[in-house]
Amino acid sequence: MATADLPGPDSLLRRTLGEWRIALVAWRLLVLQTADPAVAAGMANFSTYRAHPWRRIEHTMDSGKRLFFSDREGLRREVARLERTHRRLSGTDEQGRPFTALDPAVRVWVLVTLYECMVAMRELSGRPLTPTESDQMYGEFRAVCSEFGLSDDLFPDTAADVPAYMDRTIRERLEYSEPVRYLLFDMLREAPAPRRLGLLRPAWPPVRTVAAHVMCALTIADLPQAFRERFSLPRTRRAALLSFVLHRGMRVLMNALPEHRRYRTPLAGIHSTPQPPTGQPSSSQASPVRLPAPRRRKGTDARPARLRTFFSQVLDQTGDGRISSADLQAMAHNVCWPLELAPEYEARVYAAFETWWQHLRTGMDADGDGQVTCEEFVTAMLTGIDAGPAYLEQGLHVAVRAIFHAADTDDSGHLCADEYRTIFGGSRVHPAELNHGFRQLDHDGDGRITEDEFVQAFTDYFTARTDNTAGSQLLGRP
């Protein structure tokens with residue numbers, strides 16, 4: 001497909017995708033995409049959706065914003081970043097079938113389902129797109145997709161051909177795998193409280209139960225008929241009524257809101273700015289590494305509790321109770337994501353975390369299965385730490401120094417308060433605690449943290465027997 005003008009602020013694509021009510025079909029989109037065997041295998045082997053569902057969803061939404069609301073420079077940068085990320089996602093699934101996230105047919109399926117879900121949102125709301133509108137939005141959609149360099153033959157030729165493409169793919173390729181079942185029935189029932197709940201966190205368990213039931217019923221009711229028929233997912237009358245009320249009610253509500261309240265993403269989009277050599281932090285900050293302080297009894301060695309907490313909340317990114325190369329790769333991804341690093345700097349971060357993983361695997365994988373359990377991690381770490389400082393230098397310090405240089409966006413050789421917040425900030429931690437943690441690490445009080453101070457903080461976190469050292473307060477007071 002020839003390069004075409006990207007959709008602008010008044011485009012039908014941006015107006016449809018940018019509305020808040022797109023959230024009603026978001027879970028439907030995830031289920032359709034995950035039903036592709038390659039996507040399911042990638043999620044099972046590499047994704048953090050079980051342990052960190054909200055962060056995973058935020059990253060997906062952020063990527064969509066960069067793709068469909070950027071200028072061409074920003075779009076191309078995001079496409080290149082996605083390709084670098086997906087290049088690392090390959091292997092074999094549980095049935096021994098090879099998969100890769102760079103499979104062109106899989107990438108087209110993931111893209112086309114987004115367009116189809118926008119069309120479905122309009123249909124379910126009682127105001128379907130006219131044939132002319134469908135052609136217009138599909139043309140705008142394909143203009144964005146052209147930057148992926150995928151063959152035109154893999155896409156439906158026109159908007160009118162999309163339903164046949166969906167039915168054919170559903171019947172010939174999709175599977176009702178464990179990740180699909182988990183998304184539909186269990187993910188929301190097990191999800192931790194969203195970080196923005198604040199004081200309302202105690203109310204999350206009962207709210208979660210109701211939300212999971214509603215989302216499951218709504219998603220099944222809204223899935224394409226071919227999908228429900230193939231995988232025996234009946235659309236009950238109650239679920240159909242729920243879908244009718246929610247979609248039409250949200251349409252009425254959105255139409256009543258002023259324009260600036262109606263859209264979750266400004267229609268003017270995101271304009272690219274020149275990147276510094278090491279990348280520019282995005283305005284949506286995320287915490288690539290979180291080091292929460294565990295509670296313990298006074299007078300006891302703090303290290304085992306800290307190590308177990310670090311294992312479960314930082315290292316075990318996939319949430320399966322073990323760590324492997326995929327977990328360290330996910331950590332590297334979370335470091336790179338908010339910083340939007342240039343490719344060469346991103347590669348250095350991934351290489352550093354791979355070095356750390358090889359160090360962990362060599363010293364901790366007692367049974368040689370390519371994975372490390374929590375107890376293997378704690379036992380080996382305590383043994384290595386007690387043996388001498390060189391133990392941390394061969395693994396942890398390599399990754400920590402890579403984080404420091406990635407966050408040092410102005411290449412000044414130190415981290416200022418803003419750069420520190422980029423690493424540990426966002427809405428996860430209260431600003432007062434961040435400021436306290438920064439002051440604890442800034443030993444000479446000059447308003448900046450050197451690389452040695454940064455590395456020492458992580459060393460203290462792992463080695464201090466009490467909670468009195470600065471490193472144990474990496475994210476504020478224990």
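Which helices are included in what covers the buried residues of α8? Let's work up to that, point by point.

1. First, some ground rules. This is a predicted model, where local features need pLDDT of at least 70 and side-chain atom pairs count only at pLDDT 80 or more, while totals for chains, interfaces and linings use all residues. Residues are numbered from 1 along each chain as its sequence is written, and side-chain values use heavy atoms, with hydrogens and water left out.

2. How confident is the predictor? The pLDDT (its confidence in each residue, from 0 to 100) averages 85 for the chain, and 88% of the residues score at least 70. Be careful with residues 273-294, though: their pLDDT is below 50, and the stretch has 69 contacts in the model beyond near neighbours in sequence. Contact here means heavy atoms within 4.5 Å.

3. Now the overall picture. The chain has 23 helices and 6 strands; these are DSSP runs, numbered from the N terminus (helices are H or I with at least four residues, strands are E with at least two). Of its 478 residues, 52% count as buried. Buried means under 20% relative accessible area, exposed means over 50%, and partly exposed is in between (1.4 Å probe, protein chains only). Take the contacts with a separation of 6 or more: residues 24 or more positions apart account for 72% of them.

4. Back to α8, which spans residues 162-172 and has V162, Y165, M166, T169 and I170 buried. These residues cover an arc of only 125° around the axis, so they sit on the same side of α8. That arc is taken from the directions from the helix axis to the C-beta atoms. As for the opening question, the cover includes α2 (26-34), α6 (104-124), α7 (131-145) and α12 (225-230).

5. Have a look at the largest nonpolar core: it has 68 residues, and F68, Y115 and F227 have the most contacts inside it. Helix α6 gives the largest share of this core, 11 residues. By nonpolar core I mean a set of buried Ala, Val, Leu, Ile, Met, Phe, Trp, Tyr and Cys residues joined through side-chain atoms within 4.5 Å. Leaving out residues up to four places away in sequence, F68 touches L13, R14, L17, L114, F141 and V144. Another core, of 48 residues, lies apart from it; L315, L328, V335 and W357 are among its members.

6. Is S243 buried or exposed? This residue of helix α13 (residues 237-256) is buried, with a relative accessible area of 2%. Its contacts, not counting residues up to four places away in sequence, are L124, L218, A221, D222 and R235. The C-alpha atoms of S243 and L124 are 7.6 Å from each other, although the two residues are 119 residues apart along the chain.

7. Finally, the charged pairs: the structure holds 30 salt bridges, each a side-chain nitrogen of Lys or Arg within 4 Å of a carboxyl oxygen of Asp or Glu. In one of them, R262 pairs with E19, with the closest N and O atoms 3.1 Å apart. This pair links distant parts of the chain, from helix α14 (residues 259-262) to the loop between α1 (12-18) and α2, 243 residues apart. Both R262 and E19 are buried. D10 and R15 also meet in a salt bridge (3.3 Å, N to O), but D10 is exposed at 63% relative accessibility, and R15 is partly exposed at 24%.

Key
pLDDT = per-residue confidence, 0-100.
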